[in-house]
Amino acid sequence: MRIRFWGTRGSVPTPGPSTVRYGGNTSCTEVRTDDGSLIVIDCGTGARALGQALVTEAEASGVAPRGTILISHTHWDHIHGLPFFAPLFVEGSEWDIYGPRGLAQNLDRVLAGQMEYHYFPVALDEASADTRYHDLVEGTFNVPGAVIVSRYLNHPALTLGYRIEADGAVLVYASDHEPHDVALAGGEPIPDQSADGRHVAFLRGADVVVHDTQYELANYGSKQGWGHSTMEYVVEVASEADVGTLVMSHHDPNRDDAAVDDLLLRAQARARDGLEVVAAAEGTMIEVLARGHARAAAGDASATAEPALETLAPCVVVAIDDPVLDAAVRAAALAEGLTVERPDEHGADLSDAVVVVDADDSRFTGIGAGALSVLGATRRAVPTAIATTVSDWLVLPCSIAHVRTKLRAAVLRRAARWLAAPVGPDEQARLASLHRLAVLDTPPDPSFDRLAELARAATGTPIALVTLVDEGRQWFKAHLGFDATETHRDESFCAHAILTADVMQVPDVLEDGRFADNPISVGPGRIRFYAGAPLTLHDGNRVGTLCVADRRPRVLSDEQVTELKRLADLVVDELEARAGIETSS
Ligand SMILES: [Zn+2]
Ligand SMILES: [Zn+2]
């Protein structure tokens, strides 16, 4: 996979003699996979020159240009080149355009907005190419040549970062993004279980990361809440995530070439051993070399799932006493067309509600159980009072636009009615234990098949698997009645099952908001029932499951649950014996 920069500037084009080396065009990056597939990330003004190059190439080859366009978000500096992207006006040309789904308006309408009569002489639907629009939420999707994972970033408009895996290599594009917690802007270590910790996880192991580094700590103060990163924060995130090469991009319009040089030197001085730091320069190319961290299995279409927004009609329940914060959340919810209630107005059943709780206020401890999702507002990295399951954090101070974005993400995440399992606090130790077993990607083995067969017989189910939950995938040591040999971790039921010590049963996946729209529940070969017993090693780490599944809803008896657990223990004994791990029991 190769990438080439056509626009590296943030916010507004800055042509002129002082920006010739790094370039004055706004965001546009070209990605080519080894099979020649083309992915264009963002269409700032850099897209104009890229479009001309593609048309010239097409004229020479006689093949009309085609490809994938990924839009991170629809701020001007990421879409302004789209009306000037010549291949959209070439007959026979084919484009798939992906970008974040809105609540009220779809991507194609938002993009068409900047080409309305008052702003532009040609309407978007007059473009003669065959263009298809795809609205995205968080998840995984396939494009020609690559598997892509999308994740929301922290920006005042709903923005997606893209983790692109192709040819065994990993490229992450994360622009525009601000530290969730502004206290980390100086490059402080990032707490694992925080929203910024999740950002580290999204970047983990990437061979190349292209990241917004518009600011640095010294000039960040007055720009808090604008949705951009400091160089110090990004270098820390990339170092912790074991990134190969960090490409600083979305250069501030106030930074001339010499200033970018200086910023780059300071970033390189901060980078930990093994992390290379470069600055994106218009016209330059980077080869994305695989270091063995690609983790996407065959992708699915979870990111393009159509959320059930109408049936869901979520309400925002505000558990906040601070009048300023309360007013901000209410204004944001109303602007998104969501109804607002206080906890006493709403009643005990929160299954239709997004709860926003002041996580620093102990009076609200425990609120939010059973809610669609819980947004915790806090004034610091580690909130003081919270004892509830928070799905996302709102770190204060932040603008109403930021609150809107967070609410929208919360609704869209849950509207799709399936959730990737959170990563447990012991993940690094868990992965180390799993890798010590040296079992991943080994050939099938009759002993494990036999244990899976016993699980099938004991529970009367047609499907049984021995699964190992790896960093980005689940891999099957045995799989009876189920064709795939691995799946993406996002769609893994077992990744949920390993979060607790007990057997996890899902009697009917269609009635469980975590699994109803999971590709395994709705795709071909769908399942309706799942039960998984965690494989708990003698060091306490849960590395996978022995699980059974059925194509109809059901519940296991107590005896069947006990037998499944017993067989899971036998799987563990077998795994540890093969790895030569001595156990005392
Ligand atoms: Zn931008
Ligand atoms: Zn932006």
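Here is a short walk through one sheet and the helix packing in this structure. The model is predicted, so local features need pLDDT of at least 70, side-chain atom pairs count only at pLDDT 80 or more, and totals for chains, interfaces and linings use all residues. Residues are numbered from 1 along each chain as its sequence is written.

Let us begin with the sheet. Helices (H or I, at least four residues) and strands (E, at least two) are DSSP runs, numbered from the N terminus. An open sheet of 7 strands has the order E6-E5-E4-E3-E2-E1-E14, with mixed pairing; two strands pair if DSSP finds at least two bridges between them. Strands E6 (130–136) and E14 (285–287) are at the edges with a single partner strand each, so one side of each lacks a neighbour in the sheet. Within the sheet, E3 (residues 38–41) and E4 (residues 66–70) run parallel, joined by 3 bridges. Here Ile 39 is found opposite Thr 68 in E4.

Now turn to the helices. H4 (residues 195–203) packs against H6 (residues 231–240) at about 55 degrees, with axes 8 Å apart. Axes are lines fitted to C-alpha atoms, for helices over the stretch in contact, and angles run from 0 to 180 degrees between N-to-C directions. His 199, Val 200 and Leu 203 of H4 meet Val 237, Ala 238 and Glu 240 of H6, where contact means C-beta atoms, placed from the backbone, within 7 Å.

H6 also packs with H7 (residues 257–270), at about 35 degrees and with axes 10 Å apart. On the H6 side, Met 231, Glu 232 and Val 235 make this contact, and on the H7 side Leu 263, Arg 266, Ala 267 and Arg 270.

Technical notes: Chains are lettered from A and ligands numbered from 1 in the order in which they are written. Two residues are in contact if their C-beta atoms, placed from the backbone, lie within 7 Å.
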